[in-house]
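Please read them with the structure open.

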Amino acid sequence: MAEAEPIRSGRRVLVIDDASLVRLYYRQLLEDDGFVVEEALNGLEALEALLVGPFDLLIVDVNMPRMDGLTFLRTLRRLTSAAAAIPALVTSTEAAAQDREAARAAGANFYLVKPLEPEVLTLHARLMCGVPA
Amino acid sequence: MNEDEFRRLCDFIYRRTGMVFTEARRYYVERRVTERRSATNTASFAAYFARLRRDLDGEVEQFINAFTVNETYFFREEHQLRCLSGDLLARRIEARPAGRPLRIWSVPCSTGEEPYSIAIWLLENWPMVDAFEIEIVGSDIDTRVIEAARAGHFGRRALMRLSEPLIAKYFEPEGPESWRIIAELRNSIDFTTVNLVDAAGMRAHGVFDVIFCRNVLIYFDDASRRIAAENLYDNLMPGGFLCLGHSESMSRISPLFDVCRYADAIVYQRPREPRHG
Amino acid sequence: MPLIRPKAAGAPASSPDPRTAPDVAALKAALQHGTPDARRAAARALAGVPEAAGLLAAALAGEEDIRVREAIFTGLAGLGTGECADLLLALLRSPDAGLRGGALDALAAMPARLPARLPALLRDDDPDVRLLACGLARVLASDEATALMCAVLEREAEPNVCAAAVDVLAELGEPQALPVLARCAARPGAPAFLVFATGIAMRRIRAASDRAGEAGA
């Protein structure tokens, strides 16, 4: 007998992180929770991905090569396209108040400190996408 | 090749070349690995991967070659030519000072198929072609291919994507399987040698509206790729466009350019204004 | 035919070498006070002057244009001296994520300077610096990187630094990392992500090495 499928929200999440195992971890958790996941390895790749697909949520690392997460968010929020309004969840290894404030000033909607427990990630993704938690 | 083997290979290829392969292209990657394993007589994936990592007998270059199909022919990657005539040139002629020619650079141009393709494509497909002076430059680091490009002799394979009327219009038959591009085209394209990482040599070529730089940066190491990107930026007019190969992306190399999506291609643009971080 | 043959292009051999007697004082002024284009041009010209490394690095702090920053980072990476490496390493402590990232990219492009500097960096008091240093180990040969990352895992308490080391091992780790990864995953209170990451890293190391020695399999 087949197991009950989770309700698939089909909400599209772009995971932006240079650490391949972080991307894989987020992908598996979010896909299991009914999200559709795409990946970008830095801020520039994320801007390129946003030209192609619409997204409901961005999950953004801070320290990345070529373009860091905060520069990405500042660039994103200045765009004239609809992408500029996509909510962004920053997940960072840096826990200090000034790091949170810098992310908020750059355009982050929420900030979580790594490493994330599975339910913390999916709960925040659901809340930020307007999916019942 | 299983999931873990594929991921490990992809990580390596990304770091070494900047090429990215998603899960959707796993079969395509697997085919290339099988080709190379058979060519190198390597028993297992792991043994081949070890060979690649150590770059034994230049295996990295061989591997990249397997992905780029290291042959050139006329109208290769036609979607970029459609993008050139359909979108890019229209942007470049907005508010253009009278009398300034449009400049297009094919670098590296190998034996000339790409710059000659650009010329033929524009003559055939760009409605404004008679309203502007157009300069096309083809450059390569290899003096031998530049000599061949100037001479303009081509075989059947190079012409496979061209219709008979186009061949009749722009080529003179020289034998059963050999054609020469007409003198008028040969004389209208300038062929030069250049090294993408040599700032002075690059600068001597002046600034361009559009640069085609396909399937070469993937062969460079990190430091050289960055320098080449800086040089290409300096060779573009503000607002000018850079076209890379289909498995390449400037997003893995440098933040100097803005990415633009048009109907037929994703291209990179030198911004008109400075950008703040 | 509208195509015209350009007259000015080419002749790169006869073009002047910008490295002959650059006017460092004028370039310094342009780097500090010029327009963005002038600052970027000055940074590129100074990239050929080894003594200018300190000048270039100092200009980064107040520089907001990312193209000027990029030219400076590319210049420092191209110069590639030990002084450049030390100037870049200092930026890993910057509160500006753009400067940290730019410094990491430039350092990754000068692999010859890293083996002498990485061990100390991996023992830095600041866990954020240790974490960034792990990523730099990717440019080393895989046996060297494996040894360094295993040593990090054996002594490191901060889970995010461990995770960074595991990410490197998943990419290029050799079989001797397997027992170290297993011990890391078995630590009491190991976060879910670290357990997940070590598991994947072990699988990938086995995938790339299990059958490497077999002939004709």
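1. Start with chain B, which has two domains: domain 1 covers 3-68, and domain 2 covers 78-269. The model is predicted. Between the C-alpha centres of domain 1 of chain B and domain 2 of chain B, the distance is 29 Å.

2. Next, the contact between these two domains. Domain 1 of chain B puts in seven residues, and domain 2 of chain B puts in 10 residues. Which helix gives the largest share of the domain 1 side in chain B? That is α4(B), with four residues. By class, the domain 1 side that touches domain 2 of chain B holds three nonpolar residues, three polar and one charged.

3. Helix α4(B) also has a partner to look at. In chain B, helix α2 (residues 26-40) packs with helix α4 (residues 59-68) at an angle of about 135°. The two axes are 10 Å apart. Why is α2(B) called oblique to α4(B)? An angle over 145 degrees would count as roughly antiparallel, and 65 to 115 as roughly perpendicular. The angle here is about 135°, so α2(B) is oblique to α4(B). The crossing of α2(B) past α4(B) is right-handed.

4. Now the residues behind that packing. From α2(B) come R32(B), E35(B), R36(B) and T40(B). From α4(B) come E59(B), Q62(B), F63(B), A66(B) and F67(B). How many residues of each class does the contact of α2(B) with α4(B) have? It has three nonpolar, two polar and four charged residues.

5. Turn to chain C. Its fold is written with 12 helices and one strand. Chain C has 217 residues, and buried residues make up 50% of them. Consider the contacts in chain C between residues at least 6 apart in sequence: 62% of these join residues at least 24 apart.

6. Chain C is also divided in two. Domain 1 of chain C runs over 23-113, and domain 2 of chain C over 116-210. Their C-alpha centres lie 30 Å apart. The contact draws 10 residues from domain 1 of chain C and eight residues from domain 2 of chain C.

7. Which helices each supply at least two residues of the domain 1 side in chain C, where it touches domain 2 of chain C? They are α5 (82-91) and α6 (97-108) of chain C. The largest share, four residues, belongs to α6(C). By class, this side of domain 1 of chain C has seven nonpolar and three charged residues, with no polar ones.

8. Last, the contact between chains. Chain A brings 22 residues, and chain C brings 24 residues. On the chain A side, α1 (20-32) and α3 (69-78) each supply at least two residues. The largest share of that side is four residues, from α1(A). By class, the side of chain A that touches chain C has 11 nonpolar, six polar and five charged residues.

Terms used:
Residues are numbered from 1 along each chain as its sequence is written. Chains are lettered from A and ligands numbered from 1 in the order in which they are written. This is a predicted model: local features need pLDDT of at least 70, side-chain atom pairs count only at pLDDT 80 or more; totals for chains, interfaces and linings use all residues. Ala, Val, Leu, Ile, Met, Phe, Trp, Tyr, Cys and Pro count as nonpolar, Asp, Glu, Lys and Arg as charged, and the others, Gly among them, as polar. Domain bounds come from an automatic or database domain assignment. A residue is buried if 20 or more other C-beta atoms lie within 10 Å of its own, exposed if 12 or fewer, and partly exposed in between; C-beta atoms are placed from the backbone. Axes are lines fitted to C-alpha atoms, for helices over the stretch in contact, and angles run from 0 to 180 degrees between N-to-C directions. Angles under 35 degrees count as roughly parallel, over 145 as roughly antiparallel, 65 to 115 as roughly perpendicular and the rest as oblique. A crossing is left-handed if the near helix is turned anticlockwise from the far one by less than a right angle, and right-handed if clockwise.
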